[in-house]
Amino acid sequence: MRKLVLFMHVSLDGYASDSEGGLGWIPYNEEFEKYAEEVVAEVGSPVYGRTTYRMMESYWPTVLDDPNESTHSLEHARWVQDVKKIVISSTMDKAEWNNTMLIKDNIAEEIKALKEQPGKNLVIFGSPGAAKTLLELGLIDEFLLTICPVVLGSGKSAFDGVEKIRLKLLSSRTFDSGIIATRYAVEK
């Protein structure tokens with residue numbers, strides 16, 4: 001059985017984006033890029049909310065047509081183009097990006113059915129709104145959080161108003177940039 005894993009960059013005060021939806025506060029460098037590659041290697045299907053999906057859909061296909069892109073970016077663009085993507089949105093009518101499944105209704109049933117399929121894990125990339133919905137439905141099995149060395153003071157959080165969830169630390173790792181990558185299992 002596959003797991004549903006939340007992979008999210010958060011500020012020290014728990015925000016997944018700043019007050020304008022920006023992510024410029026994440027100290028991304030070569031060391032962190034290699035870590036992201038490790039995470040992507042365990043993904044069977046990325047899961048997005050509407051906003052993150054639209055960002056990905058508008059950006060990654062353009063990378064494939066840019067001869068000046070890095071090898072890393074081109075490899076990731078090819079992967080994300082071909083992998084089965086899942087978008088959770090009650091407001092979208094259709095998802096047109098190659099190999100994308102739209103879940104509008106019956107989210108719990110649809111995700112449970114996907115978890116029972118063979119393969120690598122389902123991984124939520126950011127998407128604090130969709131993550132909150134999946135948290136409230138009790139569907140998330142693990143949290144893979146990268147805690148960035150910044151206090152934003154405000155922004156968007158996946159955890160506002162969520163009931164208490166007990167977690168067990170599976171691993172942690174510190175990067176030279178000050179980021180701490182943590183992996184927790186939900187205690188059931």
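A cut-off comes first: I call a residue buried under 20% relative accessible area, exposed over 50%, and partly exposed in between. I also keep in mind that this is a predicted model.

**Entry 1: two residues against the cut-off.** I looked up Tyr 28 and found a relative accessible area of 48%. That value falls in between the two limits, so Tyr 28 is partly exposed. Phe 32 has 1% relative accessibility, so I noted Phe 32 as buried.

**Entry 2: aromatic pairs.** How many aromatic pairs does a search of the whole structure find? I got 11. For Tyr 28 and Phe 32, the ring centres are 5.7 Å apart and the planes stand at 80 degrees, so I wrote this pair down as edge-to-face. The cut-off behind that label is an angle over 60 degrees.

Next I took Tyr 48 and Phe 125, whose rings make a tilted pair, with 6.2 Å from centre to centre and 40 degrees between the planes. Where do the two partners lie? Tyr 48 is in strand E2 (residues 43-49) and Phe 125 is in strand E5 (residues 121-125), so their pair ties together parts 77 residues apart in sequence. Both Tyr 48 and Phe 125 are buried.

**Entry 3: the fold.** I counted five helices and eight strands in the protein chain. Read from the N terminus, the order is β-α-β-α-α-β-β-α-β-α-β-β-β. The radius of gyration is 16 Å, close to the 16 Å that the globule rule gives for 188 residues, so I can call the chain as compact as a globular protein of that length. Along the principal axes, the C-alpha trace spans about 45 × 40 × 30 Å.

**Entry 4: contacts, burial and surface.** Of the contacts between residues at least 6 apart in sequence, 69% join residues at least 24 apart. I found that 44% of the 188 residues count as buried. The accessible surface of the protein chain comes to about 9900 Å², and carbon and sulfur atoms hold 49% of that area.

**Entry 5: charges.** Last, I looked up the 21 positive and 28 negative charges of the protein chain, and their mean positions are 7 Å apart.

How values were computed: Residues numbered from 1 in each chain as written. Predicted model: local features only at pLDDT ≥ 70, side-chain atom pairs only at ≥ 80, totals over all residues. Heavy atoms only, no water. Helix = DSSP H or I, 4+ residues; strand = E, 2+ residues; numbered from the N terminus. Rg over C-alpha atoms; globule rule 2.2 N^0.38 Å. Buried < 20%, exposed > 50% of the residue type's maximum accessible area, 1.4 Å probe, protein only. Contact = heavy atoms within 4.5 Å. Areas by Shrake-Rupley, 256 points an atom, 1.4 Å probe, with all protein chains shown as cover. Lys, Arg positive; Asp, Glu negative; His and termini not counted. Charge placed at Lys NZ, Arg CZ, Asp CG, Glu CD. Phe/Tyr/Trp six-rings, centres within 6.5 Å; stacked < 30°, edge-to-face > 60°.
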